Amino acid sequence: MQHPQDNGLILLSMRIRLLALMALLAFPLGAVEQFTLVEAVRRAVARNPGLQAADAQVERARRERSEVQASRFPRFEAGSSFTRGDSPVYAFGSLLDQRNFGQANFDIGTLNHPGYVTNFKSYLQVGVPLFTGFEIQSAQKMAELGLSQAESAATGARQDMRLGVLEAGLQTLQAQELRNMLDERIRASQEEIQSAERLRAKGLVLGSDFFAAQAVLSGLQAWRVQADKMAEAGRDSLAILVGLSPAGFQLRGTLRAGGPALPSENELRGMARQNRSDLRSARLQVQQSEVALFQEKSTILPRVDAMAQAETNTENFSSNPSSRLLMVRARWALGDPAYTARRKKAAAAFRAGRQQQEALEEKVQIEILQALRRYEGARDALPLLEGTAEQARKSLDLFRPLYREGRQSILDVLRAEEALARAESLRLETLAQLHIQRAKTLAAAGILDEGALGALSAALEKPR
């Protein structure tokens, strides 16, 4: 027989399990973070490893500039050595350095056979460049230009990332809204098919029309599967870019018309000359080639430096005499057979850089023109497509009562459903292209920055 206390323990255990189950049901296993498109762009830019690598390149270029600047300052060097030998020249010189040379050392036999001499040598030396043939100045200019190039590349990489995330996000929003729209059309079509099936059983609907209508419904369902996979692929890609698992990411927003107006074509070209990172890099590359050409021409100039040295020499540290040396040295590179070839090579590189810059400027103009015209095409076509979708909806609304009155077939209704779906799909695609081409136009002008993101957000996001 079970003890009453045991029954109480069983009831307590059951209550604890029930509370634990309720807690698990109350709190989801994985929280889903919702992002607007602009929030996703900012997070992707903040954490992208490629952009962090670009920032590291900027830091590297900054340190290279500091390294070149430091080469102007005096350079100190210290050293010591131990030597022991019986070479007459070595012994003669070491004894003189140690201040140990005496009258007996002039003996011919001693000079020829001095015996082993030990020497401990220590020195401190400082050297400073006086004139390097403009080598340091050229290196400093190259370092400054390299830093500007790295900064420009980082800026361009951020803009490319913004554009890539915006494009992927807009296509994801388009797929999500297409999927929702197709759900509505499929639901309405299924209701009509069900009613037609009952009428077909009574002989009031032709079998050919019924099966053709079912084929239209199957096409809508297949289209819905494709839209779902497009939305899933876009969501998963964005989740990777923002650093979350696909199950923990959800894009919030809607596609709406409107948005900031774009500058004129001439204004966009002017902005591109000032803000495009690749155009700026091309100009910097030309300047680097010009500096390299100047440096090659300057290689025939002398290099002058100065050096001061303090030195001690001793045999056994009983005495440690010192000596000092001052030197100013000039060196010329005379008779360099490769000088002319190097100078002509640098000149050719400078001309090539100028031509590449001009070619890039033409390419940028074409890029701006194409993006702007596509944006204008989407903008001008959108009202017509909205009207088309509205007419298709009206047509569907008229077909339904006529079908119920027996004056239209089920096939006509399903075709009207399909026509409305295609009109809505084209409208959504044009809406997405309106914003994508606006962003591409801004990117082509080099001005898809944080300010542009804020201006785009009103047309891309639902109010909270």
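Colleague: What should I know before reading the numbers?

Modeller: It's a predicted model, so local features need pLDDT of at least 70 and side-chain atom pairs count only at pLDDT 80 or more, while totals for chains, interfaces and linings use all residues. Residues are numbered from 1 along each chain, and side-chain values use heavy atoms, leaving out hydrogens and water.

Colleague: What is the mean pLDDT of the protein?

Modeller: pLDDT is the predictor's confidence in each residue, from 0 to 100. The mean is 86, and 89% of residues reach 70 or more. Over residues 23–29, though, the pLDDT is below 50, and beyond near neighbours in sequence that stretch has 0 contacts (heavy atoms within 4.5 Å).

Colleague: What makes a space in here a cavity?

Modeller: On a 1 Å grid over the protein atoms alone, a cavity is a set of points where a 1.4 Å probe fits but cannot get out; lining residues have an atom within 4 Å of a point.

Colleague: How do you know how many lining residues are nonpolar, polar or charged?

Modeller: Ala, Val, Leu, Ile, Met, Phe, Trp, Tyr, Cys and Pro count as nonpolar, Asp, Glu, Lys and Arg as charged, and the others, Gly among them, as polar. The lining is P88, F92, L95, F101, N105, T110, L111 and P114, so by that rule it divides into 6 nonpolar, 2 polar and no charged.

Conventions: On a 1 Å grid over the protein atoms alone, a cavity is a set of points where a 1.4 Å probe fits but cannot get out, and a pocket is an open set with protein on both sides within 12 Å along at least five of seven lines; lining residues have an atom within 4 Å of a point.
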